[in-house]
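Please open the model in your viewer and keep the sequence beside it.

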Amino acid sequence: MAQALYTPAILAAATGLATYPWDEALPLRGEARSRSCGSSLAMALAVDGEGRIVRVGLRPHACAVGQAAANVFAAAAAGRNAEEIAAARSAIAAWLAGDGPLPDWPGFELIEPAQAYPGRHGAIVLAWDAALDALSLYHP
C-alpha cells in the first residue's frame, strides 16, 4: 500500500521555496516542464569560475511534490557543477523506475513517498532538469 503523498513534511518543504526567490540578476536561466502533470519550474543560477552553483532562484508552477523536490534540490545545490547534477538526475531516474537505490542527494528521502505515484515522477525531476538547462549556458 502506498504512503500518503502529501505528507506534512512534503507540504512544509513546498512552502520553503520562499528561501530561493526569483532574481532577475542571476545570469543563467533554465526551465523544465513535466509531460505527465503539466508542472513547470523556471530556475536562475549564478555559478563561480569553475561552473559550480553559488546561488539559486526559483519560479515554480508545480504541485506540492514538485515544489518540495525543488526545495530539496536548492538546499543542496551550492558547490555542485553540471556533471554532478547530471549524475544525480540519472540516479533519480533509475530510482523512479525501480532500478536503483534512493538517490544520494541530501534530503531526498523526503520525496520517497512520491515514488509510488508515477503521475508525479515528472514533477520530482523538474529542478534537476531546469538546472541542467541553465548550466548548459555556462561557458567559461
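This is a predicted model: local features need pLDDT of at least 70, side-chain atom pairs count only at pLDDT 80 or more; totals for chains, interfaces and linings use all residues.

A residue is called buried when its relative accessible area is under 20%, exposed when that area is over 50%, and partly exposed in between, using a 1.4 Å probe and protein chains only. Residues are numbered from 1 along each chain as its sequence is written, and side-chain values use heavy atoms, with hydrogens and water left out.

**Whole chain**

Begin with a cartoon view of the chain, where you will find five helices and three strands, these being DSSP runs numbered from the N terminus (helices are H or I with at least four residues, strands are E with at least two). Followed along the sequence, they give the pattern α-β-β-β-α-α-α-α. Switch to the C-alpha trace, which spans about 50 × 30 × 25 Å along its principal axes. The radius of gyration, taken over C-alpha atoms, can be set against a globule rule of 2.2 Å times the number of residues to the power 0.38; a compact globule with 140 residues would have a value near 14 Å, and the chain, at 14 Å, agrees.

**The nonpolar core**

Next, select Met43, Phe73 and Trp128, which touch the most other members of the largest nonpolar core, a group of 44 residues. Such a core is a set of buried Ala, Val, Leu, Ile, Met, Phe, Trp, Tyr and Cys residues joined through side-chain atoms within 4.5 Å. Colour the elements that give two or more residues to this core, namely α1 (8-15), β1 (28-33), β2 (40-47), β3 (53-61), α2 (64-76), α3 (82-96), α4 (121-124) and α5 (126-135); the largest share, eight residues, comes from α2.

Stay with Phe73 and show its contacts, meaning heavy atoms within 4.5 Å. Apart from neighbours within four places in sequence, Phe73 is in contact with Met43, Ile53, Ile85, Trp105, Ala127, Trp128 and Ala131.

Move to Ser39, in the loop between β1 and β2. Is Ser39 buried or exposed? Ser39 is buried, because its relative accessible area is 5%. When residues up to four places away in sequence are not counted, Ser39 touches Ala32, Arg33, Ser34, His61, Ala62, Cys63, Ala123 and Leu126.

The structure holds zero disulfides, a disulfide being a pair of cysteine sulfur atoms within 2.5 Å. The sulfur of Cys37 has its closest cysteine sulfur in Cys63, at 5.0 Å, which is too far for a bond. Cys37 is partly exposed, with a relative accessible area of 27%, whereas Cys63, at 15% relative accessibility, counts as buried.

**Asp133**

Finish by selecting Asp133 in helix α5, a residue that is partly exposed, with a relative accessible area of 35%. Leaving aside neighbours within four places in sequence, Asp133 is in contact with Arg29, Gly30 and Glu31. Then draw a C-alpha to C-alpha distance from Asp133 to Ala82: the two are 51 residues apart in sequence and 9.4 Å apart in space.
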